[in-house]
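Look at the model below and trace the chain from one end to the other. Then read on, strand by strand.

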Amino acid sequence: MKLIDARKDHYRKLAHEQGFRSRAAFKLKELNQSYRLIGPGFYVLDLGCAPGGWTQMAVKLVGNQGKVMGIDLSYVEEIPGAYIIRENIEDEHIIDEITSYFERKVNAVICDLSPQVSGNWTVDHAKQISLNYDCAKIMEKVLAHKGNAVFKVFDGPYSMEFRDYIKKKFARINLTKPNASRKQSSELYYVCLGFTG
Ligand SMILES: C[S@@+](CC[C@H](N)C(=O)[O-])C[C@H]1O[C@@H](n2cnc3c(N)ncnc32)[C@H](O)[C@@H]1O
């Protein structure tokens with residue numbers, strides 16, 4: 001077995017053993033261990049949440065006093081402790097749904113969006129970055145001062161422009177690739193700390 005396959009297998013096995021719906025849950029766990037994005041009692045908005053690994057991990061991290069809401073185009077089976085809606089994050093009306101659920105600003109916005117891939121990398125990259133701008137627009141309306149965010153980015157020609165855009169809104173931004181992310185994939189994570197607005 002190749003090292004890459006072994007690693008994939010390792011996280012898949014862990015996810016299965018620990019009852020997470022996707023190995024992606026371990027990416028969020030790792031990001032949180034390094035950057036403390038989410039803490040107990042946090043209100044967390046999860047954009048692009050299906051099948052729900054990040055949402056499950058977020059529920060665990062926030063504990064009883066926190067609140068977690070997940071949004072995806074796809075159906076997501078119920079996750080105890082989270083509120084999930086099936087919507088398109090490109091639709092502006094979802095802001096009303098978000099604010100009516102939380103009734104105050106949130107402490108973290110976590111974005112792991114991937115478009116339906118077409119096989120044309122340039123098109124997929126552009127669409128993925130465009131989804132991140134939609135997430136950033138939502139984030140600007142709902143994130144509390146000093147709040148945190150994370151964005152998955154398909155790295156390519158438009159990533160730097162997005163980084164420059166988002167960087168202005170936070171005290172600190174870090175580019176990282178968790179071990180649970182496949183080495184050969186172009187995905188990176190922008191971890192943004194301390195929202196300044
Ligand atoms: C990699 S998956 C997310 C995995 C998730 N973080 C987990 O841990 O299970 C990316 C998701 O983005 C969603 N997505 C893509 N475009 C979207 C949009 N416009 N609105 C809502 N969700 C979208 C897809 O449906 C897909 O489920």
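## Strand β5 and its partners

In this predicted model, strand β5 pairs with strand β7 (residues 187-195) in the antiparallel sense. Six bridges join β5 and β7.

Cys111 has Phe151 in β5 as its bridge partner. How does the chain cross from β4 to β5? The path goes through helix α5 (residues 121-142), and this β-α-β crossover is right-handed. β5 itself spans residues 143-154 and is mostly covered, with nine of its twelve residues buried.

## The whole sheet

Strands of a sheet pair through backbone hydrogen bonds, either parallel or antiparallel. This sheet is open and has seven strands, with mixed pairing. The order is β3-β2-β1-β4-β5-β7-β6.

## Strand β2 and its neighbours

Now move to β2. Strand β1 (residues 43-47) pairs with β2 in the parallel sense, over five bridges. Leu45 stands opposite Met69 in β2. Asp46 has Gly70 in β2 as its bridge partner. β1, α3 and β2 together make a right-handed β-α-β unit.

β2 and β3 pair in the parallel sense too, over five bridges. Here Ile71 stands opposite Ile85 in β3. Helix α4 (residues 94-102) lies across β1, β2, β3 and β4. α4 runs at about 160 degrees to β2.

## Two covered faces

In a regular strand the side chains alternate between the two faces of the sheet. How many of the six residues of β2 are buried? Six of six are, so to speak, under cover. Take the two sides in turn. Lys67, Met69 and Ile71 are buried on one side of β2. Val68, Gly70 and Asp72 are buried on the other.

## Around the ligand

The shell around the ligand holds 23 residues. Which of them come nearest? They are Ala24, Gly48, Ala50, Gly53 and Asp112. Two elements give two or more residues to this shell: α3 (53-62) and β2 (67-72).

What kinds of residue make up the shell around the ligand? Twelve are nonpolar, seven are polar and four are charged.

## Helix α2

Helix α2 covers residues 25-35. Its buried residues are Ala25, Phe26, Lys27, Leu28, Lys29, Leu31 and Asn32. Arg36 follows α2, and the phi of Arg36 is positive, near 50 degrees.

Conventions:
Residues are numbered from 1 along each chain as its sequence is written. This is a predicted model: local features need pLDDT of at least 70, side-chain atom pairs count only at pLDDT 80 or more; totals for chains, interfaces and linings use all residues. A residue is buried if 20 or more other C-beta atoms lie within 10 Å of its own, exposed if 12 or fewer, and partly exposed in between; C-beta atoms are placed from the backbone. Helices (H or I, at least four residues) and strands (E, at least two) are DSSP runs, numbered from the N terminus. Two strands pair if DSSP finds at least two bridges between them. A crossover is right-handed if, with the strands pointing away from the viewer, the path from the first strand over the helix to the second runs clockwise. A residue is near a molecule or strand if its C-beta atom, placed from the backbone, lies within 6 Å of it. Ala, Val, Leu, Ile, Met, Phe, Trp, Tyr, Cys and Pro count as nonpolar, Asp, Glu, Lys and Arg as charged, and the others, Gly among them, as polar. Two residues are in contact if their C-beta atoms, placed from the backbone, lie within 7 Å. Axes are lines fitted to C-alpha atoms, for helices over the stretch in contact, and angles run from 0 to 180 degrees between N-to-C directions.
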